[in-house]
Amino acid sequence: MDVNGINRVVSILKKEVKKWDIPVVGVIAMTSKDPFLVLISTILSLRTKDRTTMEASRRLFSLATTPGTMIKLSKTQIEKAIYPVGFYRTKAGSILGICHDLIHKFGSKVPDTMDKLLSLKGVGRKTANLVLILGYDEYGICVDTHVHRISNRLGFIKTKTPDESERALRQKLPKRHWKIYNDLLVAFGQNLCKPVGPLCSQCSLLAQCERTGVKRVYK
Ligand code: SF4
C-alpha cells in the first residue's frame, strides 16, 4: 500500500470510528489536557480494558492529581484505588517512583521531550508518545499492538516489532495523520480488525487492504 492508499484508509476510518468508543486515554485527554493525568492514565491502561482503566483513573484522580499529592499516598492506597487494572501492584510502585523523579529531577513537571520521558522508570515509547501527543499537542506516533498489527495487515509497512513499526511509520506516514493514527487504529482494532478473527467481510477497507498474514475471511 502506498501513501495514497493510507490517505484513503485514514479518511474512511475517520467516518467509521464515529460508531465506536474513543480509546480511554483519548477520553481522559478530552476532559483534561494535563500531561500528568495523561501519563498516569496511560500507565494504568497498559494491558487493561478501557472501562477498567477509566474507572481506576477516576478513583485515583479523586485522591491526587499532581506528583506532590500523589507521592503522599501509600503504595497500598494506590493499589486499592487502581485495582483491578493489570499488574496493579507493579503499577502502584511505578507511579510512586515516577512521582519521586518528577519532583526531584523535573521540578514536579512532566517533561516534554522523548528522551526525558523515557528516563522515567516504567515509561516506554508508547506511553511517551501519548504524553507528547495528548499532553503537549506535539507530533508523535503512538504504536501499540493494534497500530503495529493493522499497519502490517494493510501492507503499508512490513515490520516485526512495534518499535520497528514506529520507525517505519515516522518515515512513511504523512505527518498530518500522526496524532490521530493511534486513536483510529485502536478503535478499529478493538471492534473490527481484531487480533484473532478480523471481520474482513464487514470491513470498509477490504478493497484497499493487502490482508498480509490473514488466512481466512471471518464473518
Ligand atoms: Fe483488517 Fe480484514 Fe479490514 Fe484488512 S480487510 S483492515 S485485515 S478487517
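Helices (H or I, at least four residues) and strands (E, at least two) are DSSP runs, numbered from the N terminus. The model is predicted, so local features need pLDDT of at least 70 and side-chain atom pairs count only at pLDDT 80 or more, while totals for chains, interfaces and linings use all residues. Residues are numbered from 1 along each chain as its sequence is written, and side-chain values use heavy atoms, with hydrogens and water left out.

**Exercise 1. Describe the overall fold of the protein chain.**

Start with the elements: the protein chain has twelve helices and zero strands. Next comes overall size: the radius of gyration (over C-alpha atoms) is 18 Å, close to the 17 Å from the globule rule (2.2 Å times the number of residues to the power 0.38) for 219 residues, so the chain is as compact as a globular protein of that length. Its C-alpha trace spans about 55 × 35 × 30 Å along the principal axes. Finally, 51% of the 219 residues are buried (under 20% relative accessible area, with a 1.4 Å probe and protein chains only).

**Exercise 2. Find the largest cavity and say what takes up its space.**

Set up the search on a 1 Å grid over the protein atoms alone: a cavity is a set of points where a 1.4 Å probe fits but cannot get out, a pocket is an open set with protein on both sides within 12 Å along at least five of seven lines, and lining residues have an atom within 4 Å of a point. One cavity of 30 Å³ or more turns up. The largest cavity has a volume of about 120 Å³, counted as the space filled by probe spheres set on the points. Of its 15 lining residues, Phe188, Cys193, Cys200, Cys203 and Cys209 are the closest to the centre. Helix α10 gives the largest share of this lining, three residues. Now place the ligand: the space it takes is the largest cavity (more than half of its atoms lie within 2 Å of the grid points).

**Exercise 3. Characterise the shell around the ligand.**

List the residues with a heavy atom within 4 Å of the ligand: among them are Arg153, Pro198, Leu206, Arg211 and Val214. Then sort the shell by class: eight nonpolar, no polar and two charged. Here Ala, Val, Leu, Ile, Met, Phe, Trp, Tyr, Cys and Pro count as nonpolar, Asp, Glu, Lys and Arg as charged, and the others, Gly among them, as polar.

Conventions: Buried < 20%, exposed > 50% of the residue type's maximum accessible area, 1.4 Å probe, protein only.
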